[in-house]
Amino acid sequence: METSWQTLRMSLIAMFVTCWVGATGLLIFTTTSIYWVIALCLVGFVFVCVYLIVSYMVYVRSEGPCDPLPKIDSGNAVERAKFLAGTLGAQERMFFAQVILSPKSVIQRVGESVAPATRAYIVKTAYLFEVPSIFSGKSVAIPVTLRPKGRLMDHFQMTDDNGCRVSPLGQEDAIAYTLAALRALPATAQALAEYCDTPGDDGITIERRVAGLLCSDSTDEELQSIRGSIRNAGMGADIAELVFRMLTSLRRLHPVVAIIRVPESTHDHETVRIRLTIEQRVIPFVRRNESKLRWLRDNLRSILGVRPTVIGFPIEEARRARSYHLEVFGPEGTYLAKQAVYDPAAATDTPLAQIPHRFLARYGQRYGHFYAKKATSADDAKKLALISHFYERPPGSIAPATMSAFAAAFLIVAAAIVKLSATADLQSDIIAVLLALPVVASAWTGFDSSRSLFGGALNSRISLIVTMMLAFTTVALWIITENGEAVGRWQDRDYSWVWVAVSSAAVLNFTLSAFSWLLRSWVYGSFVKRELVKG
C-alpha cells in the first residue's frame with residue numbers, strides 16, 4: 001500500500017511539471033490574456049493542495065503491526081510453572097502473589113522523577129521493598145512493577161541499591177512465576193489437582209485457561225467464567241476470589257519480574273529492605289477534554305515551534321505503595337506555575353478526597369513535588385494524572401520580542417510622519433532598507449531556540465511575526481507611495497489611512513508585548529518572594 005501511495009505522489013509531480021512547463025511556454029508564445037494566467041495559477045494552486053494531501057497521507061499513514069506478532073506460548077509457560085512449583089517453596093510463591101494482590105503490604109515507598117526529553121520523558125522510579133527476613137541470604141522473585149501488555153519498554157534499565165544492573169525476566173518466565181504462585185493458593189492436594197490436572201467441558205484445565213488469560217488481554221466475561229469454574233470444581237469461594245483478583249490485576253498488565261538476592265539481616269527485624277530503581281523513556285498519553293480555544297492554541301504552538309510546557313504523568317504507582325513521591329521537572333528556563341491532579345476522562349479537576357496528599361508550594365522553582373499516602377483502593381489512583389504547567393522564566397523570549405516591537409514601532413511611526421508631513425520631496429529609498437533590516441534581523445534572532453529545549457512563549461513568537469510583517473509592509477508602502485509637494489491636510493493625502501493603520505498596529509504590538517513582559521515578571525516575582533511554608 002505504501003508503494004502505491006509513493007507511486008501516486010511521484011506521478012503527480014511528473015505530471016504537474018510536464019503540464020506546467022508546457023502550458024507556460026504555450027501561453028508565452030500564443031497569448032497575453034490575463035485570464036489565462038489566472039487560470040494557470042489556479043491550476044497550480046489546486047495541484048499544490050492535492051500534493052499536500054497525498055504527501056500527508058504518505059508520511060502519517062499507520063505502518064500497522066508487525067506480522068507475525070510476537071506471542072507468548074501459554075503451554076510453555078504452564079510447563080515452566082510446573083518446574084518452578086517443584087523448586088520454589090510455598091513461602092516464596094505466596095510472597096510473589098502477595099506483591100501483586102496486596103502491594104502496599106510489601107512496598108513501603110515509591111519515588112518517581114520525571115524530566116522532559118523532547119517528545120518523551122525520562123522517568124526514574126525507585127522502589128523500597130520490605131522482604132520478610134526468612135528470605136535473608138536467598139534469591140527471591142519480585143514482581144517489581146506492572147506494565148501494559150504488548151507495549152515495548154524503551155531504554156529500560158533496572159539497578160539495585162549498589163548501582164549494579166539487574167536483568168528482568170522475559171514475559172514467558174514472568175507468567176510462569178505467576179502461574180507457580182497461583183499453584184500455592186489451593187489449600188488441599190485435591191483442590192490443586194482440580195485446578196491443574198482436571199480438564200473441563202472443553203477439555204482444557206483451569207490452569208491452562210488462566211495461562212491463556214495471562215498471555216493476552218482478558219474480558220469481564222472470561223474472568224467471571226474462570227471464577228465460576230473454580231467454584232464448581234469444589235476449590236472454595238476464597239480460592240476463586242484470590243485467583244479472580246490476581247487475574248483482574250493482570251488483565252491488561254504483565255509483571256516485570258526480577259530475581260533479587262536478599263542481603264543478610266543485620267538487625268533483629270521481621271523484614272529486610274531492598275531498593276530497586278528503574279529508568280526508562282516514556283511517551284506520555286494524558287489527554288483531557290479540550291475546548292476549541294485550547295485546540296487552536298495547541299495547533300499554533302505546533303506551527304510556530306513552541307514546545308508544550310504542560311507535563312502530564314499518571315500516578316498509578318501511588319496505589320501500590322504506602323508512600324508515594326513524584327517530582328516533575330520542567331524544561332530549562334521555566335518555572336512551575338500551576339499543578340493539579342485530575343481524572344483525564346473528566347472535564348474538570350478531580351479532588352483527591354480519598355487520598356491524603358500534599359503539593360510542594362510554588363517558589364519559582366523548576367520542579368514540582370507531589371506526595372500521596374495510602375490510597376484507600378486501587379481505583380483511587382489508577383485513573384488519575386498529575387498535570388504540571390511550567391511558564392517561561394522572565395525575561396525569556398518575550399524580551400527580544402518586545403525590543404523588536406519597540407524598534408519597529410519607532411521607525412514605522414517616524415516613516416509615517418515623514419511621508420505625511422508637509423516637507424519637501426524626499427528621494428531616499430535607503431531609508432526603507434534601514435527601516436527593515438534591523439527589525440527583521442532582531443526578530444529573526446528571537447526565533448533562534450536551538451540552544452534550549454523550551455521553544456519560547458507563544459505570544460513572543462506571534463509578536464515577532466507581527467513585527468516582521470509590519471516591517472515589510474512599511475517598506476513596501478514607502479516605496480510605492482509617491483513623493484511630491486504636500487498639499488492640504490495630511491488626512492487628505494494618498495495612503496494616509498494606510499500609514500495610520502500600520503503605525504497603530506505597530507504601537508499596539510509593542511504595547512501588548514510590553515504588558516506581557518510586565519505581567520510575566522510580576523507573576524514570577526510574586527512566587528520568588530514567597531515565604532517558605534511547611535511541607
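Which hand does the crossing of H3 and H7 have?

Reply: The crossing of H3 and H7 is right-handed, that is, the near helix is turned clockwise from the far one by less than a right angle. The model is predicted, with local features needing pLDDT of at least 70 and side-chain atom pairs pLDDT 80 or more, while totals for chains, interfaces and linings use all residues. Residues are numbered from 1 along each chain as its sequence is written, and side-chain values use heavy atoms, without hydrogens or water.

Helix H3 covers residues 74-87 and helix H7 residues 206-215; helices are DSSP runs (H or I, at least four residues) and strands likewise (E, at least two), numbered from the N terminus. The axes of H3 and H7 come within 9 Å and cross at roughly 120 degrees (lines fitted to C-alpha atoms over the stretch in contact, with angles from 0 to 180 degrees between N-to-C directions). On the H3 side, Ser74, Gly75 and Val78 make the contact; their partners in H7 are Glu207, Arg208, Ala211, Gly212 and Cys215 (heavy atoms within 4.5 Å). By class, three residues of this contact are nonpolar, three polar and two charged (Ala, Val, Leu, Ile, Met, Phe, Trp, Tyr, Cys and Pro are nonpolar, Asp, Glu, Lys and Arg charged, the others polar).

A second packing can be set beside this one. Helix H4 (residues 90-101) meets H5 at about 110 degrees, their axes 8 Å apart, and the two are therefore roughly perpendicular. Arg93, Phe96 and Ala97 of H4 touch Ala174, Tyr177, Thr178, Ala180, Ala181 and Arg183 of H5. This contact of H4 with H5 has six nonpolar, one polar and two charged residues.

Thr178 of H5 is also among the residues lining the largest cavity (grid points, 1 Å apart, where a 1.4 Å probe fits but cannot get out; lining residues have an atom within 4 Å of a point). H5 (171-183) and strand S5 (253-261) each supply at least two of the lining residues, and the largest share, three residues, comes from S5. By class, this lining has five nonpolar, two polar and one charged residues.

Two backbone details remain. Pro394 and Pro395 are joined by a cis peptide bond, with omega about 5 degrees, and Pro395 is found in the loop between strand S12 (385-392) and helix H11 (398-420). In strand S4 (residues 154-159) lies His155, which is not a glycine but has a positive phi of about 50 degrees.

Conventions:
On a 1 Å grid over the protein atoms alone, a cavity is a set of points where a 1.4 Å probe fits but cannot get out, and a pocket is an open set with protein on both sides within 12 Å along at least five of seven lines; lining residues have an atom within 4 Å of a point. Angles under 35 degrees count as roughly parallel, over 145 as roughly antiparallel, 65 to 115 as roughly perpendicular and the rest as oblique.
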